[in-house]
Amino acid sequence: MRASSDAHRSRTHQACRPPLIVCDVDDVVLQFATPFEAFLLERGYSLLPRSFKLTGNIVDAAETALNDVAVNALIHDFFIEQDRWQTPFAEAVDSLHALAEEADLVFLTAMPPRHAEVRRRLLDRLTLSYPMISSEEPKGPIVAALHGKRALPLAFVDDMVGNLRSVGEHVPDCALVYLPPDVAIFRFAPDPEPHVLRAQDWAEARGLIETHFRN
Ligand SMILES: [Mg+2]
């Protein structure tokens with residue numbers, strides 16, 4: 001009797017809980033590569049997309065590549081003033097609002113946590129006041145913890161194949177949506193695994209997620 005009433009309570013509880021969407025921010029919701037290039041130009045540097053990484057491809061006026069320490073310092077400075085540079089992709093805000101009507105939405109950003117406050121303000125200003133986790137740890141275990149044991153649909157959106165792989169390994173039932181930005185350096189990005197869903201833009205990503213939640 002107790003087992004059956006527990007099972008009933010669990011089902012009732014689950015029925016009240018919406019599906020979950022975990023969504024990356026940089027180059028998925030907010031543009032990163034394009035404004036970062038503009039930021040570099042303002043400082044006298046440029047990005048030469050020759051491979052899928054920043055270190056080695058950011059050069060000074062003499063086309064000498066900056067080392068790791070210099071590149072990290074530039075990324076740090078960019079994030080300090082991100083609200084001056086970063087804007088959302090077309091249809092990102094409207095798509096997220098629509099998805100959040102039937103799902104819990106959490107931003108999972110790989111940005112260093114010390115920049116979380118300025119990002120929070122920027123997202124709020126864009127009416128994206130959904131919870132945000134800022135962590136440089138692998139995304140798979142974080143998404144698995146957020147999902148817990150809920151027998152409910154889950155979707156994860158990211159522009160980095162490694163993050164999609166990490167989440168797929170930890171939460172096999174998760175719909176993995178690859179949404180790469182349309183920028184030159186992504187021509188060198190590795191391909192996602194065959195089971196990953198690929199979207200060209202937010203309208204397509206939204207459709208893929210809604211279809212996953214209905215099935
Ligand atoms: Mg990203």
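At what angle do the axes of helix α5 (residues 92-99) and helix α9 (residues 202-214) cross? The views below answer this and related points. This is a predicted model, in which local features need pLDDT of at least 70 and side-chain atom pairs count only at pLDDT 80 or more, while totals for chains, interfaces and linings use all residues. Residues are numbered from 1 along each chain as its sequence is written.

**View 1. Helix α5 beside helix α9.** The two axes cross at roughly 15° and come within 9 Å (axes are lines fitted to C-alpha atoms, for helices over the stretch in contact, and angles run from 0 to 180 degrees between N-to-C directions). Therefore α5 is roughly parallel to α9 (angles under 35 degrees count as roughly parallel, over 145 as roughly antiparallel, 65 to 115 as roughly perpendicular and the rest as oblique). Helices here are DSSP runs (H or I, at least four residues), numbered from the N terminus. From α5, the contact uses Ala 92, Ser 95, Ala 98 and Leu 99; from α9, Trp 202, Ala 203, Ala 205, Arg 206 and Ile 209 (two residues are in contact if their C-beta atoms, placed from the backbone, lie within 7 Å). By class, this contact has seven nonpolar, one polar and one charged residues (Ala, Val, Leu, Ile, Met, Phe, Trp, Tyr, Cys and Pro count as nonpolar, Asp, Glu, Lys and Arg as charged, and the others, Gly among them, as polar).

**View 2. Helix α7 against helix α8.** The axes of α7 (residues 139-147) and α8 (residues 161-170) lie 7 Å apart, at an angle of about 45°. That angle makes α7 oblique to α8. Lys 139, Gly 140, Pro 141, Val 143 and Ala 144 of α7 meet Asn 163, Ser 166, Val 167, Glu 169 and His 170 of α8. Four of these residues are nonpolar, four polar and two charged.

**View 3. Domain 1 and domain 2.** Domain 1 covers 15-31 + 87-214, and domain 2 covers 34-84 (the bounds come from an automatic or database domain assignment). Their C-alpha centres are 25 Å apart. In domain 1, 12 residues are in contact with nine residues of domain 2. The domain 1 side has eight nonpolar, two polar and two charged residues.

Note on methods. Helix = DSSP H or I, 4+ residues; strand = E, 2+ residues; numbered from the N terminus.
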